[in-house]
Amino acid sequence: MPDTPAAPAGPPGDADDIHFIRNRTFEEIAVGDTAAIERTLTAEDIQLFAVMSGDVNPQHLDPDFAASTRFHGVIAHGMWGAALISAVLGTRLPGPGTIYLSQTLKFLAPVHIGDTLTIRVTVRSRDEARKELVLDCSCIDQAGQCAIKGEALVLAPVEKIVRPRATLPEVRLTRGNDGVQRLLDYVKPLGAIRMAVVHPCDESSLGGAVDAWRAGLIEPVLVAPRARLEAVAAQAGFDLTGIAIEDVPHSHAAAARAVELAAAGEVDALMKGSLHTDELMGAVVAAGSGLRTKRRISHCFIMQTPAYPRPFIITDAAINIAPTLEEKADIVRNAIDLAQTIGVAQPRVAILAAVETVNPHMPATLDAAALCKMADRGQIEGGVLDGPLAFDNAVSAAAARIKGIASPVAGQADVLVVPDLESGNMLAKQLEYLGGAASAGIVIGAKVPIVLTSRADSRESRMASCAVALLLAHHYRSHPL
């Protein structure tokens with residue numbers, strides 16, 4: 001047998017040592033030995049277990065549904081308690097080096113939020129030859145009621161192990177779809193809009209249209225080759241009964257036909273399917289499309305992140321690659337219109353740059369200063385503009401105060417106008433993937449709103465984008481561009 005590495009130096013102590021974790025070897029364990037921990041169930045425990053396990057049973061996550069069940073409220077997953085039994089075996093008795101062989105469990109009573117469990121294991125028998133232990137296991141609540149009981153068979157360690165306790169990462173749960181649900185609840189009374197879904201010939205784009213239809217947001221018109229649609233629907237298990245289909249031969253024809261429907265007033269909005277963005281937008285901006293307005297077309301992300309107290313708009317991250325000053329003015333106007341449509345009466349607009357001072361060698365700062373002067377002269381109306389502002393000054397009042405920036409926008413921006421598409425796209429995706437932001441994307445400046453989806457978009461993001469399109473479509477009926 002190879003030599004065992006020396007255990008790290010550490011003070012002798014029991015299993016509650018905050019710096020070290022240590023085991024008890026088979027030879028040190030006697031029948032009747034016991035160990036226990038206490039744990040109080042929180043709503044976050046239930047949500048985190050659901051995230052880890054994928055078990056989204058409404059009994060555990062939907063308070064309204066749970067209240068109508070025999071348990072009269074949300075309860076823990078049964079295996080949450082089982083995981084705590086595993087924790088005692090792996091950290092207390094026997095501790096590190098234990099190998100689980102089997103576990104039986106009986107679930108005798110529900111565990112509600114706020115219940116405190118004592119999780120205990122007690123050695124019932126020892127097998128000297130096999131170095132195996134049988135342990136009685138129980139989870140007892142604060143009222144003395146047994147919620148879970150069972151029996152564990154483990155292979156006990158034969159070598160002493162003392163290791164520094166691991167430092168666990170901080171876990172922060174964000175309720176990514178709460179904002180989406182509030183948005184859906186807000187727009188539902190407005191009624192569904194008729195939306196042309198352009199070439200939804202993959203599962204994600206077709207599924208997004210079906211989800212929005214079932215949620216009462218849209219009455220979809222699927223513009224695509226019928227045979228391909230039906231094949232995708234059959235493979236994914238989607239029922240297209242009751243959904244209108246415009247049969248066209250290919251994606252280019254789908255874009256052209258969808259634009260025709262919108263220009264004729266037969267649909268209120270467009271949504272991109274599995275075709276390339278350039279195909280759809282090329283048909284929209286083509287001369288004679290009937291969808292052009294006096295405004296430059298631009299894209300907006302509406303985002304909500306746990307680190308910022310309100311939803312905000314980032315523009316333009318998808319359409320205008322390197323906008324000129326004149327194009328930026330329309331981008332700002334479009335963003336102000338969108339902000340007002342979603343309920344911000346006078347949005348605060350931050351024109352972003354790398355610095356907060358005007359520098360003749362940095363064109364973004366010159367554009368920012370010019371846009372603010374245009375607003376002063378009434379060329380851009382409806383919002384309060386300031387810039388150039390670095391990102392930290394736009395979203396952090398503390399950062400602005402430290403830098404001596406006195407501004408009605410700094411630290412509380414509703415709209416972030418980026419210098420170009422690359423910076424906007426990177427900012428939006430960083431916030432989504434590293435900042436836990438929920439997002440909805442929309443193209444405005446045409447006669448109808450356009451939902452641009454990505455293959456990586458979540459179901460919640462697609463639904464939120466359709467809800468924003470619904471808001472805009474109803475707005476355009478009384479305020480056409």
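Biologist: How far apart are the end C-alpha atoms of residues 37-131?
Modeller: This is a predicted model. The span is 36% helix and 26% strand. UniProt, in an unreviewed entry, places the feature "domain: MaoC-like" at these residues. The end C-alpha atoms of residues 37-131 lie 24 Å apart.

Biologist: Which elements cover the buried residues of α4?
Modeller: Helix α4 covers residues 78-91 and reaches 21 Å from its first C-alpha to its last, close to the 20 Å expected. Its buried residues include Trp-80, Leu-84 and Val-88. The cover over the buried residues of α4 includes β2, α1, β3, β4, β5 and β6.

Biologist: Which residues touch the most other members of the largest nonpolar core?
Modeller: That core has 59 residues. Helix α15 (residues 459-478) gives the largest share, eleven residues. Apart from this core lies another, of 30 residues, with Leu-89 among them. In the largest core, the residues touching the most other members are Met-195 and Leu-385.

Biologist: Which residues from Val-451 onward is Met-195 in contact with, leaving aside its neighbours within four places in sequence?
Modeller: Contact here means heavy atoms within 4.5 Å. Met-195 is in contact with Ile-218, Val-267 and Met-271, among others. Further along the chain, its contacts are Val-451, Cys-466 and Ala-469.

Biologist: How many of the 17 residues of α10 are buried?
Modeller: At 1.5 Å a residue, helix α10 (residues 325-341) should span 24 Å, so its end C-alpha distance of 24 Å agrees. Buried residues of α10 include Glu-327, Lys-328 and Asp-330, as well as Ile-331 and Leu-338. The helix is mostly covered, and the buried count is twelve.

Methods
Residues numbered from 1 in each chain as written. Predicted model: local features only at pLDDT ≥ 70, side-chain atom pairs only at ≥ 80, totals over all residues. Heavy atoms only, no water. UniProt positions renumbered as here; feature names shortened; annotations may be inferred. Helix = DSSP H or I, 4+ residues; strand = E, 2+ residues; numbered from the N terminus. Expected span 1.5 Å × (residues − 1). Buried < 20%, exposed > 50% of the residue type's maximum accessible area, 1.4 Å probe, protein only. Core = buried A, V, L, I, M, F, W, Y, C linked by side-chain atoms within 4.5 Å.
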